[in-house]
Amino acid sequence: MMLVKCFKCKEKSEKETMICIEKGKEKITRKYFHQGCYDEFVQEQELKEKDLKELDQLYKFLIKLHSIELLDGRMMEKIQDLRNGSIKVNNKKMKKYKQGISYSLMLDTYKFMNERIDSIINSMKFQTKWNEFSYIFGTMVNNINTIKQIEKLTDEVNQKPTINKETVDIVVKKNNKKDALDISAFL
Ligand SMILES: [Zn+2]
């Protein structure tokens, strides 16, 4: 009987019952997982990848928006804090949201406010790019709930699997009645 340690939960189990992942060509490294732990691990990796892709898109959008070459440490910190759900109040990091805001939601919000951002950049004079970034970031944060609501509504509409026939009949009848009324108003 040979015991190996699970890469994910660090518990030891019989080697034969574990999933083994091999990596490398000349120097092969092996990682062992419990079945359940492996599924979790794969899911986490996928989420991480998705997160990284979304961050990349947000990053590219922001350097273009502010005409800068890169986002500096302070800017990245703001973005990461919002992603993780922590926010600074009087220089102390506090939990503000139950869960962090995804990078894609931030990007959607920036895009939604496109016109307002343009007018802010054109009409206000910021001393530094950091001031500009901070101001617009704050405006974006204040609008996240609006975007969340819009996306929730859109999801609800898209997720309606099949429309109940009875509902359709009622809607049609109502519409007919309304049309009739509308027409009679012109007569
Ligand atoms: Zn495990």
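Reader: What makes up the protein in terms of helices and strands?
Author: The protein has 6 helices and 6 strands, where helices (H or I, at least four residues) and strands (E, at least two) are DSSP runs numbered from the N terminus. This is a predicted model, with local features needing pLDDT of at least 70, side-chain atom pairs counting only at pLDDT 80 or more, and totals for chains, interfaces and linings using all residues. Residues are numbered from 1 along each chain as its sequence is written.

Reader: Why are helix 1 and helix 3 called roughly parallel?
Author: Helix 1 (residues 35–65) and helix 3 (residues 103–112) pack at about 25°, their axes 8 Å apart. Axes are lines fitted to C-alpha atoms, for helices over the stretch in contact, and angles run from 0 to 180 degrees between N-to-C directions. Angles under 35 degrees count as roughly parallel, over 145 as roughly antiparallel, 65 to 115 as roughly perpendicular and the rest as oblique. So helix 1 and helix 3 are roughly parallel.

Reader: Which residues make the contact?
Author: From helix 1 come D51, E54, L55, Q57, L58 and F61, and from helix 3 Y103, S104, M106, L107 and Y110; being in contact takes C-beta atoms, placed from the backbone, within 7 Å.

Reader: Which residues form the largest nonpolar core?
Author: It has 11 residues, including L58, Y103, M106 and Y110. A nonpolar core is a set of buried Ala, Val, Leu, Ile, Met, Phe, Trp, Tyr and Cys residues joined through C-beta atoms within 7 Å; buried takes 20 or more other C-beta atoms within 10 Å of a residue's own. Helix 1, helix 2 (73–84), helix 3 and helix 5 (129–159) each give two or more residues to this core.

How values were computed:
Two residues are in contact if their C-beta atoms, placed from the backbone, lie within 7 Å. A residue is buried if 20 or more other C-beta atoms lie within 10 Å of its own, exposed if 12 or fewer, and partly exposed in between; C-beta atoms are placed from the backbone.
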